[in-house]
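Subject: A structure for you to explore

Hi there,

Here is the structure I promised to pass on to you. Have a look at it first, and then read my notes below.

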Amino acid sequence: AEVQRQVHERFGEIIVYHEDQVDALAQLSRSTRRKLNCAIRMPALLTHDLWRIWSTIDAGALKALCLDAVDFRYISAEDDLFLAGEPSSEALYIADGQHLYTQTPSTSMVDEEVSNNVLGDTWVCEAALWSMWITVGSMTAVTRGKVFSIRAADVWRLVKDSPSVLRMTQTYAHNFHKRLTMALPPLEDYPTDMYTPRSIADLLSSKVEIELVTSSRKKMNRSSCMDAAQEQALIRELEEGKCCVQVDKFDRLVRTVLLAVLVLVRSDGRRLVELGRLEAGVVTPGCKLPGTKRRRGEAPALAIRRLLHEDLFDLAPRVCMADVRSETQQTTSSKYGCQTVYHKAVQEATFEAALDFCDAFKVTDLLDTGAEGVLRNAVKFQDVLLVKNGLGVQVFYGWLTRDEFNIVRLREEDFKASLKAALEKFSSAGVSLGETEGSFAGVVNMCLV
């Protein structure tokens, strides 16, 4: 019955031919047909960050990829794009249509059957390009759609013949494979056929990204372009490993900063917040959550562990990790003349220790005299710590409620002067820190039991 139904339905469908079945295309000149093939395939490739970078460095290599490694086809409802447990040698770009991706315990690390809807503008099985990949799930078309496939063997044959993109692609493949193999609980979920990096920023090398920056200055047809001083500032930051650079879908440079942030909450609901820093006898106030910039190829969970080991060593044994969430923030940077995207991995955690809350340090009248009265005397900095981080810088931490943290962040400029004065007062008390990284002293009644 199922066979008869499917045959009946497909005889009633509009027939869609593959390119090789259209006789009219064979009548076109070779150059015209190549242009047509590129026009069809290029938009699909340019949805992926790596191929966009190819287009910036060597447009000819991307054109060759379109012609030699990419296939295009229409699929009908109930067509299987791939089945679980089969070797895969191509990545797929689903341009449109609706599809169903299913995992079962027999071939995937799940406890029961799991299904997810997959819509257009989605890359699938990218791991097949950079590893010996066996599918862990199945994908079936729910509606008619367009699918592009990129053959791994042809990609690598082309890469070996294209010195301009060879080293960059090798670096990307190596780091992709490394991240794929590191995607294991409890740090990350097991990888699936849907696995793609949230950002490719740290999958490349600083040398490649510096080349992107310099090449962008040579292209005069960009809608906007950084000046020479901004270019040099961005290159210095890339050399120091403080950021990464990508190219967006509009062919513009995007500065990317990868961060790992710790939300450490204790039993009364207060969270650990950095209040300021003491360097060379000078206090610089600032209210933010503990965090660190991620290194290239470093998993978010490993960055958090490094933060605890280097900056909060004495607190680390009492920290219990919970969930991780991702946040993205985008701004325009006048310093670098381009968009900046902050990718934050936010680690939730609890602090498992009893604290004596008496003699809490309460900062009063932090806002100016014209501020709303409801905000006055509303912020308590309990159990303030002075901690020496991994760079030898002394950092003030306190415990704030969520509302207090939001108040200070919202009116940070109004708080800075009074907060600086308060921190200077307590730092002048002559608190002595140990020599090891992460050692701390209680500025105000910090008692761990």
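Strand β12 runs parallel to strand β17 (residues 338-351), and twelve bridges join the two. Strands here are DSSP runs of E with at least two residues, helices are runs of H or I with at least four, and both are numbered from the N terminus. Two strands pair if DSSP finds at least two bridges between them. Across from Arg-255 you will find Thr-340 in β17.

Please keep in mind that this is a predicted model, in which local features need pLDDT of at least 70 and side-chain atom pairs count only at pLDDT 80 or more, while totals for chains, interfaces and linings use all residues. Residues are numbered from 1 along each chain as its sequence is written, and side-chain values use heavy atoms, with hydrogens and water left out.

β11 and β12 make a hairpin with five residues between them, and Asp-251 in the turn has a positive phi of about 65 degrees.

How many residues of β12 (residues 253-265) are buried? The count is 13 of the 13, so the strand is largely enclosed by the rest of the structure. Buried means under 20% relative accessible area, exposed means over 50%, and partly exposed is in between (1.4 Å probe, protein chains only). In a regular strand the side chains alternate between the two faces of the sheet. Both faces of β12 are covered: one side includes Leu-253, Arg-255 and Val-257, and the other includes Val-254, Thr-256 and Leu-258.

There is also an open sheet of four strands in the order β2-β9-β5-β6, with antiparallel pairing. Its edge strands are β2 and β6, each pairing on one side only. Between β5 (residues 99-103) and β9 (residues 138-141) there are four bridges, and His-99 stands opposite Ala-141.

Now for the helices. The axes of α4 (residues 49-57) and α5 (residues 59-69) come within 5 Å and cross at roughly 130 degrees. Axes are lines fitted to C-alpha atoms, for helices over the stretch in contact, and angles run from 0 to 180 degrees between N-to-C directions. That makes α4 oblique to α5, since angles under 35 degrees count as roughly parallel, over 145 as roughly antiparallel, 65 to 115 as roughly perpendicular and the rest as oblique. At the start of α5, a side-chain oxygen of Asp-58 comes within 3.0 Å of the backbone nitrogen of Gly-60.

Finally, two loop residues. Most residues other than glycine have a negative phi, and most peptide bonds are trans. Glu-78 is not a glycine, yet has a positive phi of about 80 degrees; this residue is in the loop between β1 (70-75) and β2 (80-82) and is partly exposed, at 28% relative accessible area. Asp-121, also not a glycine, has a positive phi of about 60 degrees. Asp-121 is in the loop between β6 (114-118) and β7 (122-124), and at 52% relative accessibility counts as exposed.

Enjoy exploring!

Notes
Polar contact = N/O pair within 3.5 Å; in protein donor to acceptor, adjacent residues only side chain to side chain.
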